[in-house]
Amino acid sequence: MSMGIQAIPYFSLPLKFFRELLENAERSLNDMFVRTYGTLYMQNSEVFQDLFTELKRYYTGGNVNLEEMLNDFWARLLERMFQLINPQYHFTEDYLECVSKYTDQLKPFGDVPRKLKVQVTRAFIAARTFVQGLTVGREVANRVSKVSPTPGCIRALMKMLYCPYCRGLPTVKPCNNYCLNVMKGCLANQADLDTEWNLFIDAMLLVAERLEGPFNIESVMDPIDVKISEAIMNMQENSMQVSAKVFQGCGQPKPAPALRSSRSVPENFNTRFRPYNPEERPTTAAGTSLDRLRTIWRTMQHGVTDIKEKLKLSKKFWSTFPYTICKDERVTAGPLNEEDCWNGHTKARYLPEIMNDGLTNQINNPEVDVDITRPDTFIRQQIMALRVMTNKLKNAYNGNDVNFQDTSDETSGSGSGSGCTDDICPTEFDFITTEAPPVDSDRREVEASATQPGRSLQMLLIVFISLVLQRQWR
C-alpha cells in the first residue's frame, strides 16, 4: 500500500570513487616500491597490503579503529626495517615487541606518521559518515512515507474529497486553508520530525563542506606512497641513532649466525627512493588512468555540491509538508480562491483558523480527531535515528571517530562514539532493518469495516507523500 522513494543520485558515486582511489593508491605504492626495493619489499609487502585492506574495511563499515590501525602499521614497519638495517643480529619476537614500543619516543619516521594519521582519520571519518548520513536521511523519509493514516485522518480525507460529490458539487475543490487543517491533523506526528531533521541537515551540510575543503580524501590518498617513502628515508638516515637508542633500552641483541652476519648493511638495504616525479606515477589497471580517477573525483565533487543544494531545500521539510500538498492544484482550489471552494459543509469561505504544526497543537483541530496523548512510536524511532546520526556527523565534523555498526557479526564500532549507549540509542543497522510496526487494534477495526473509498483515501495520502518525497530526494 506504500510507494518507494527514488534513490538519491550520486549515492553510489562516493563509494565507487573512494574504493577506486584506495585501489589506485595501493597499486601506485606497490609499483613504486617494487622498482625501488625489489625482493626486500616483496618479502614484506603484507605490511602495506594490510594497511590498505583495513582502510577499505573501515570505509565500507568495518569495525576498525583508524588511529590504532595506523599506529600498528608504523610499529610493524619499524620492526621489519629494524631487522633489515641490523642484519648482523638475531631478534626474538619479544625483542621486536620492545622495538615497536619506541615508535612514538624515537620518531624514527620523522613527523610523517603524525601528519598522516591526522589527515587519514579526518578524511575517512568525514567520508564514511557523510555517506551513512545520506543513507539514514533517505531511510527516514522512505519509512515515514509508509506510515498508515489514522482512522480520524481517513474520515477527514473522505469528507474533504468525497463529500462535494454528495452535495452536487463535483467540480468544487477543497479550500486551501481547509486542506491545511486536514493535512496538519493527518501529518501531526510527521511534523514533529522537523526539529531533529533540521539539525540533521545542518550537520550534513557542515560535513559536506569538510569534504570539499580540509578533509579532502584525494589530497590524502593520492600521494600516500610518496609520504610513506619519505618516512622510510627518514628511518634510513637516522638508522644508527635509532639502533643505538633501541639497544640501550631493549638490551644488546644476540649476534646472528655466521652466514648472516657476514652480509653487510649496504648489501641488504642500501637503496633509497629517487626524487618524486609525477610523470612516473603508474596508471591503474584495466586502462583506468589517474586522469580518469580525477575525472571521477570532479564528478563526485559536483555530486556533493548537488546533494548540498538538495539538503538545503529540505530544511523545514516536514513542517511545510501540508503546504506542499495543499498548494497542488490537483488537490485544492488554491490560496487565491477562498470563496468558490469546498469548506467541508458547502461552497464558501473556510473560516476556522489554521492550526500550528506538530502533534500537541492539534488538540483543537476542527477537522481531524487527533489523540495528542498517543505519539506515533514509529515516528519517534525515526526522530531518535536522526538524533543519533546528527551526533555522529558533529563528531565527524570535528575529526572524531564515531561508532558504526559493522556489517559482520561484530556488535560494536570504535572511537569516541556518539554519547549514546547501545541500550538507549538504536544503531543505524538496527534502524535500517526495522520494519514498520503493525497497525494497532483501532486501525485494524477501521480497515476491516472501511469502504472502498476509505482504502482509496489511504492510498491517496500515501501517494501524495511519496510524490512529494520523490521530488525532494531525486
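Is cysteine 166 buried or exposed? Cysteine 166 counts as exposed, at 67% relative accessibility, where exposed means over 50% relative accessible area, buried under 20% and partly exposed in between, with a 1.4 Å probe and protein chains only.

A word on the basis of this talk. The model is predicted, so local features need pLDDT of at least 70 and side-chain atom pairs count only at pLDDT 80 or more, while totals for chains, interfaces and linings use all residues. Residues are numbered from 1 along each chain as its sequence is written, and side-chain values use heavy atoms, leaving out hydrogens and water.

Let me turn to the disulfides, each defined as a pair of cysteine sulfur atoms within 2.5 Å. The whole structure holds four of them, and I shall discuss some.

Cysteine 98 is joined to cysteine 250, S to S 2.0 Å. This pair connects distant parts of the chain, helix H5 (residues 93–100) and helix H14 (residues 239–250), 152 residues apart; helices here are DSSP runs of H or I, at least four residues, numbered from the N terminus. The S-S torsion of cysteine 98 and cysteine 250 is about -90°, so this disulfide is left-handed. Cysteine 98 is partly exposed at 21%, whereas cysteine 250 is buried at 18%.

Cysteine 153 and cysteine 186 form another disulfide, with sulfur atoms 2.0 Å apart. Its torsion is about 105°, so it is right-handed. Cysteine 153 is buried at 0%, and cysteine 186 is buried at 10%.

Finally, I return to cysteine 166, which is in no disulfide. The closest cysteine sulfur to that of cysteine 163 lies in cysteine 166, 5.2 Å away, too far for a bond.

Note on methods. Helices (H or I, at least four residues) and strands (E, at least two) are DSSP runs, numbered from the N terminus.
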